[in-house]
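Keep the viewer open as you read.

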Amino acid sequence: MRLGAHADGHVAIPAPGAERVFLCVFAGDGEVARHELRHRLGDVFHDRLPPLPPGTPYAFRIHGPGFDPDRLILDPWAKALDRPLRRTPPPALGVIAAEEAPAPWAPLPERPGLIYELHVGHFTRLHPDVPPPRRGTFAGLAHPAAIAYLLELGVTAVELMPVAAWVDDRHLPEGVHNIWGYNPVALLAPDPRLAPGGMREVREAVAALREAGIAVILDVVLNHTGEGDALGPVLSLKGLGQPHWYRATNESGCGNVLALERPWPLRLAMDALRHWAEAAGVDGFRLDLAATLGRVEGAFREDAPFLLACRQDPVLRTRRFIAEPWDLAGHAGGRFPAGWGEWNDRFRDDARRFWRGDPGMAGAMATRLAGSTDIFRNRPLTDSVNYLAAHDGFTLRDLVTFAAKRNEANGEGNRDGPEEVSWDGTPADARALLVTLFAARGTPMLGMGDESGRTQHGNNNAWCQDFPLAWPAEDPALLRFVRRLAAVRAAHPALHGTAPLTPETGRWLHPDGTAFADADWAHAAALLLLLEEAGDRCLLALNPAPVPFALAVPPPRPGHRWRLLAD
């Protein structure tokens, strides 16, 4: 049975424990009609009403013990909203969406990947070549100037920070807003601030990106909702029988946890993902705090209902999934299904420690360069999504500029934000980190603006701070360097190989050209990696020490010579 309210008049909504449910129709500033859903099938109240024209605002009223019939409840299956969400009632009204055929979709051709994490509202906010009305929206992301920038950077997939409609958090002071969107309420509806034209605007942007060969991955939040803890607002699911939707735990750290091991929350999550796949035509999803989504009675399980459902769904099993493999209760790295990407925080931290000059890091750095096979055993090495910085933490520029976070502007006494591996370094450190990223086995991911020196002035938890991407680039030389690295990686099979290294395809050397022995790893600082694949040969030389060393380049093959690709 379809859930939610539809243009053909079909209405169905699960409200466990309720006695009566009404659909309320609005026009202008007031309610103009109220229809009781006269039929019930288990927890689902449903009816066939007269057709509801697309664009009709609506909400539900729920009657029964423990329910408040005076409160308007937003349809969790609403596909559009009449305005951005707010915490005070009514939070927003659902809007009847026009019925449309699924967006055409087929997998894009396989090629060496580069993921670019971006914020739709920030990416084009200041772009001089994007018309002002389109800046900061999906229409701006679809503009030829925005797409040309991504193509010049070598991007093969954009990972969009949350775009489902979200609400501000309770503790934010007046005038400060949740910028990132990791506080959703309407999981199927695009936020009106990012997509004033609704799902059609999203669909057109996705089509434009895919036409250029750029896949679209949505960052989705299914671990919690913006209704928060017991002191949070009643906006949607709380008004439909809260105990049936949320766990009494807090692995998300956000006040509630969607109970995806239960039927109705799982149904909502699957319907939401399938809707974005079919209505927008997206290529996949990045799952925020994905360890939470795989927990059953507190323990992470590879056969958790949500993980199994995604793998068997006829639509979703064709799409790409990337997991953030941890939550407040622990780390599940390497335990997601083969073929699912995972954010590799071990790569992030080990690369940073190596280039910061921490002792004894050569072995760990070698493991990350080789594809983190200690984590991704018997899995495609492309499952390792390698990154140096992302939305959650320092930007690349800031992590080599600030030894400690500076989050005072967030109003939490600088107590918020993660403790990070960072240091007061130089621009050369950022370039060294980037070379490491593009040379490693796995799938590289760049944070928005890290290719051009974007800064948040030391704030490593900028979820409520507005730091749009600067145009033109803050560091044009760095931008040129990153473009070159991306082109070099794409052109050289030795750099974008997907198989584990063997003695024939990867050799570890000392700067003088001698081979590494097992006993050398504990004390080595500088190291060389000689890569050979499909007739291609590349040498990576890494020196985190403050003094230079003489490099003994291996003899070239007959008829070949060495040339410098990046320094």
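Two strands pair if DSSP finds at least two bridges between them. Strands here are DSSP runs of E with at least two residues, helices are runs of H or I with at least four, and both are numbered from the N terminus. Please bear in mind that this is a predicted model, in which local features need pLDDT of at least 70 and side-chain atom pairs count only at pLDDT 80 or more, while totals for chains, interfaces and linings use all residues. Residues are numbered from 1 along each chain as its sequence is written, and side-chain values use heavy atoms, with hydrogens and water left out.

With that in hand, look at β25 and strand β26 (residues 527-533), which pair in the antiparallel sense over four bridges. Within β26, L531 is the residue that stands opposite G506. Both strands belong to an open sheet of three strands, ordered β25-β26-β27 with antiparallel pairing. Its edges are β25 (506-509) and β27 (536-542), each of which pairs on one side only. From one strand to the next, the twist averages 15 degrees.

Helix α9 (residues 362-369) lies across β25, β26 and β27, and runs at about 150 degrees to β27. Angles like this one run from 0 to 180 degrees between N-to-C directions, and axes are lines fitted to C-alpha atoms, for helices over the stretch in contact.

Next, turn to strand β3 (residues 20-27). Six of its eight residues are buried (under 20% relative accessible area, with a 1.4 Å probe and protein chains only), so β3 is largely enclosed by the rest of the structure. β3 pairs in the antiparallel sense with strand β7 (residues 57-63) over six bridges, and with strand β4 (residues 30-36) over six bridges. V25 shows both pairings: its bridge partner is Y58 in β7 and A33 in β4.

Finally, how do two helices pack? The axes of helix α11 (residues 427-439) and helix α12 (residues 476-491) come within 10 Å and cross at roughly 20 degrees. Angles under 35 degrees count as roughly parallel, and α11 and α12 are therefore roughly parallel to each other. In contact (heavy atoms within 4.5 Å), R431, L434, V435 and F438 of α11 meet α12 residues L478, F481, V482, L485, A486 and R489.

Definitions and conventions:
Parallel < 35°, antiparallel > 145°, perpendicular 65-115°, else oblique. Buried < 20%, exposed > 50% of the residue type's maximum accessible area, 1.4 Å probe, protein only.
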